[in-house]
Each structure stands twice: as C-alpha cells, then as structure tokens.
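Trainee: Could we go through this model together, starting with the ligands and then turning to the helices?

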Amino acid sequence: MPTAFITGITGQDGSYLTELLLAEGYEVHGAVRRTSSLERSRLAHLYTDPAVYNQRLFLHYADLDDPTTLRRVLTTVAPREVYHLAGQSHVGLSFEIPETTCEFTAMGTLRLLEIMRDLPEPPRFFHATSSEIFGRPADVPQTEQTPMAPVNPYGCAKAFATQMVRIYREAHGLFAVNGILYNHESPRRGENFVTRKICRAAAAIKAGRQQKLSLGDTSARRDWGHARDYVRGMWLALRHETPGDYVFATGRLHSVQDVLENAFASVDLDWTSYVETDPHLMRPAEPMQLVGDASKARAVLGWVPEIAFTDLIREMTLAELQALA
Ligand code: NDP
Ligand code: GDR
C-alpha cells in the first residue's frame, strides 16, 4: 500500500486529497496542530469511521515551525509521497501578519525541503504554490515561465518557497514539484474567502437570518475552479515519471460580481438589494489579471478541470442553504 504524508490535512484541499488518496488505496498520514478545540470538521467523516481512522488514516501532531518533530514523524512514516499544503493561506490577512505568513509559508517550506534531503529515501514532494507569485504579471495568461512579481506578503512568501523547490530539484536532485494553483473553492472553503462568504450570505439572507453583506472590491477578477479538480492535479503531478512545475487553472476570469450574481440567483434573489461596500475590506494592493494557462498540465498529465464556475457557485450556495435547514 503506498503511503502519503500531508501537511495541511485539516484544510480544504487536505480533506479532498485525503479522500482521493484513500480511494486510490493509499495509507494516509497527516500533520495536525495542537488547537484548543479538537473539532476538525472537514475530516470528521473520516476520523469517526473506525474502518478508516488508525487503520488507513493517521494524524500526527506537528507544526511547520517545529522541524525536530516533523523530521521524527517523517522518518517514522517514511512516506512515498509528501503533499505540502500547510500555511497561512489568506492573502488579505498577510498584510496584517506578514511575519507569521513568511515564517510558515516561506521558512516552513525550506525546513521541509531540508528534511526531505536528509531522508534515506527522499519521497516525492508536492508544493502547493499560488498564482499570487505573479502579482502584476508580464504575461496574460500566465505559464510556468512567467516571471514572479508578487504584490503582497503572501505572494512573496510563496515566491520564495517556489524558487526553493526549484533549487532543491535542480541542485539536490529531489523529485520536487510546484503546483502553481489558481483559486479553487468548494463547500469546504474557509469562511473568510470571498466565494464562501458570498454563498453563505445568499443562503442566510434567503433563510431570513441575515440582512446585508459587506464586501471589498467587487470588480476584482480571479480564475476560479473547484478544489476536487485541483487535488486530482496534485496527485497526477507526483505520479508522473519526472518532476516539474505545473499551472493548474481553468483559464477563465470571473469577477466577484459574477459570484454574487450566480450565488444570489441560485436562491432566486437579486444581489443588488443586499450588498454594501466596506472600505476596510479593500486591500492595500490587488494583483491584476491572474488567469492561468494549464496547457502543460493538460498535455503532460492529462489534467482538465471538469467542474464549471456556475456549477461550483451553485453547489456552494445550495450546501449553505442545506446546512441552515
Ligand atoms: P486552508 O486555509 O483551508 O488550509 C490550510 C492548512 O494549513 C490547514 O490544515 C491549517 O491547519 C494548516 N496550517 C496552517 N499553518 C500551519 C502551521 N504553522 N503548521 C501546520 N499546519 C498549518 O488552505 P487550502 O486548503 O485552501 O489551501 C492549501 C494550500 O494551497 C495552502 O498552502 C494555500 O496557500 C495554497 N493555495 C490555495 C489555493 C486555493 O484557492 N485554495 C490557491 C493557491 C494556493 P489548521 O486547520 O490547524 O488551521
Ligand atoms: P485570494 O482569495 O485573495 O484570491 O486568495 P479571496 O477569496 O480572499 O479574494 C478574492 C478577491 O475577492 C476580493 N474581495 C474579497 N475577499 C475577501 N476574502 N473578503 C471580502 O469581503 C472581499 N471583497 C472583495 C479580494 O480583494 C480579492 O480580489 C486565494 C487563497 O486561497 C490563496 O491562498 C491562494 O493562493 C489564491 O487564492 C490563489
């Protein structure tokens, strides 16, 4: 049975990737942080299943700023594949907590690479990097060759980590992959990301539990896909015979306003009656035209995103409505 180790297993992507790997016959190990609450809602259906938890799914306490523990766990588990998904993932918040963002996202990745390098049989390593490395990009759409030009602390930390992955691949021969991931969402998305915030609000307004929705820049545009498609790309990238970097994207731009229209239409409401602008939610700097060209992933890995934007937003909104019933 192949063994995988996931950092960030409790997050949106970690939970979908765990489901995928279990379905593909893997034994899955994940790093979890000590928190005041044991609730790990995205994994609850798996670790409450006695046929899965501590049979094929194992959780280990570890933290990205605790390399001693990470090294011990990785040495004991000896995985064939490592998926590194952990990090402070909120771009807007990275302006408020730049040091922790860089500590976990930049230095945390370097620490892991150092551990990989020392393991007797270095595992294949996937790094979840981001379209935010491009910031104000020279190319539209962006490819694996587009120069990095981040415009926020999060993007800067990811750019550092991305380049380190390249260095460890080239200088130390590690099977190390950068997945340059564009925005991907799902009903398990964190509540303070814009799609989930909008879908939750549309459902709550429909149910009479909320009156207004405050947002920042509604003209902002992103390349939004479904998380299920993106975790499949991660897995495919580590199964390929050679390591490389891959853009994972839909190639289509939509605005926050498009999200509003689709979410509110899913519950037969007109968004214009409920939305107000809050200047506190505007970011000091916004990236421009982040839209990806996933031709390489399609040609080399056979990866194609299958879930359309309109279906994604509808699924998210109806999931919120169901949760309120
Ligand atoms: P989430 O925010 O949902 O999950 C982040 C995960 O990282 C959680 O499991 C969290 O644990 C863990 N984590 C955070 N800090 C630490 C730390 N110091 N030590 C150990 N674990 C930590 O993110 P997503 O699942 O959406 O994204 C996964 C990765 O992909 C992230 O690195 C993100 O930056 C990147 N990415 C995501 C994109 C997206 O659109 N979703 C696009 C591009 C890149 P806990 O539950 O304890 O907080
Ligand atoms: P992003 O996602 O910054 O692209 O990072 P987010 O959903 O936070 O923002 C998308 C766009 O919406 C605008 N916006 C708002 N955003 C939030 N969160 N809340 C609001 O109220 C709001 N109003 C408008 C933002 O300004 C922005 O333009 C995500 C994360 O998953 C990163 O980890 C990942 O690397 C990138 O996607 C690719």
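Mentor: At least two residues of the shell around ligand 1 come from each of α1 (12–23) and β5 (124–130). Helices (H or I, at least four residues) and strands (E, at least two) are DSSP runs, numbered from the N terminus. This is a predicted model, in which local features need pLDDT of at least 70, side-chain atom pairs count only at pLDDT 80 or more, and totals for chains, interfaces and linings use all residues. Residues are numbered from 1 along each chain as its sequence is written, while chains are lettered from A and ligands numbered from 1 in the order in which they are written.

Trainee: Which element gives the most to the shell around ligand 1?

Mentor: That is α1, with three residues.

Trainee: And which residues come nearest to ligand 1?

Mentor: Gly8, Gly11, Asp13, Ala86 and Ala128, out of 25 residues around ligand 1. A residue counts as near if its C-beta atom, placed from the backbone, lies within 6 Å of the molecule or strand.

Trainee: How does the shell around ligand 1 divide by class?

Mentor: It has 14 polar, eight nonpolar and three charged residues. Ala, Val, Leu, Ile, Met, Phe, Trp, Tyr, Cys and Pro count as nonpolar, Asp, Glu, Lys and Arg as charged, and the others, Gly among them, as polar.

Trainee: Now ligand 2: which residues come nearest there?

Mentor: Val91, Ser130, Val194, Gly216 and Ala220 come nearest, of 21 residues around ligand 2. The elements giving two or more residues to that shell are α4 (91–94) and α7 (194–206). By class, the shell around ligand 2 has eight nonpolar, seven polar and six charged residues.

Trainee: Which domains does the shell around ligand 2 draw on?

Mentor: At least three residues come from each of domain 1 (3–184 + 224–248) and domain 2 (190–221 + 253–290 + 308–324). The domain bounds come from an automatic or database domain assignment.

Trainee: Back to α1: at what angle does it cross α8?

Mentor: The axes of α1 and helix α8 (residues 227–239) cross at roughly 60 degrees and come within 9 Å. Axes are lines fitted to C-alpha atoms, for helices over the stretch in contact, and angles run from 0 to 180 degrees between N-to-C directions.

Trainee: Which residues of α1 meet α8?

Mentor: Gln12, Asp13, Tyr16, Leu17, Leu20 and Leu21 do, and their partners in α8 include Tyr230 and Trp235. Contact requires C-beta atoms, placed from the backbone, within 7 Å.

Definitions and conventions
Two residues are in contact if their C-beta atoms, placed from the backbone, lie within 7 Å.
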